[in-house]
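Here is a short briefing to read alongside the model.

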Amino acid sequence: MREGPDIARIASLVGDPARANMLTALMGGTALTASELALEAGVSLPTASSHLSKLMEGGLLTLASQGRHRYYGLAGPQVAGMIEAITGVAAAVGPQRVRPGPRDAAMRVARVCYDHLAGEQAVAMLDRLVARQVLLRDDNEIRLAPSAASYFAAIGIGVESKARRPVCRACLDWSVRRSHLAGTLGAAILDKILLEKWARREKDSRAVVFSPTGKQAFEKVFLG
């Protein structure tokens, strides 16, 4: 047996269709119950419980209890980044399971990727922040420029680093197939967008829908 990370074990966990649907459902950043995940996966509750146990044992999920309810979520941004990257590969080289519809169009424009913004708007934002030298990019590495702290402070966003999580991280966007901004800064920007009511989460979807005035405000701040 070769030494090093056991890629095959993780691949087998993600590769099951029911478990893949569960993990994708959790990419919206909202914790879900076993019953909700069973519906997402199209399986019975006992079967869903078996799949969830395997994902927990594999370190891909976390479990929180609140009263009588138990909520499952992704184990962290690293797991979310893996799912997003796999989705990108599947979109590029694999068959499409359904014909894209209106919801898919909205998802391509803007959506939640675990806790940060993804889609065309997010990729354009990262490109513009790099062009304005607010962020510096070297291949897949993104870091703050000297002017970044004052720039983001002026729009009410802190860039302090938090333990065990990078401020900036490139996350491959499955629909655009280029990187958008993840990390604590990416999460703070999404929080800002929703707090200012520039956009709203579409019900039962990862899509983020900008209002006309919200789109103008977002573009003025991040794309101007």
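Five residues touch the most other members of the largest nonpolar core, which has 30 residues: Leu135, Phe152, Leu185, Ile189 and Phe222. Here a nonpolar core is a set of buried Ala, Val, Leu, Ile, Met, Phe, Trp, Tyr and Cys residues joined through side-chain atoms within 4.5 Å, and buried means under 20% relative accessible area, with exposed over 50% and partly exposed in between (1.4 Å probe, protein chains only). This is a predicted model, in which local features need pLDDT of at least 70, side-chain atom pairs count only at pLDDT 80 or more, and totals for chains, interfaces and linings use all residues. Residues are numbered from 1 along each chain as its sequence is written, and side-chain values use heavy atoms, leaving out hydrogens and water.

- Leaving aside residues up to four places away in sequence, Leu185 touches Leu135, Leu144, Phe152, Ile157, Val159, Val167 and Cys168, where contact means heavy atoms within 4.5 Å.
- Another core, of 27 residues, lies apart from the largest one, and its members include Val14, Leu26, Leu61 and Cys113.

**Cysteines**

- With a disulfide taken as a pair of cysteine sulfur atoms within 2.5 Å, the model has zero disulfides.
- Cys168 is in no disulfide, and the nearest cysteine sulfur, that of Cys171, is 13 Å away.
- Cys168 counts as buried at 10% relative accessibility, and Cys171 is buried too, with a relative accessible area of 2%.

**Around His51**

- His51 sits in helix α4 (residues 45-57) and is buried, with a relative accessible area of 10%.
- Not counting residues up to four places away in sequence, His51 touches Asp16, Ala18, Arg19 and Met22.
- His51 and Met22 are 29 residues apart along the chain, and their C-alpha atoms are separated by 9.0 Å.

Note on methods:
Helix = DSSP H or I, 4+ residues; strand = E, 2+ residues; numbered from the N terminus.
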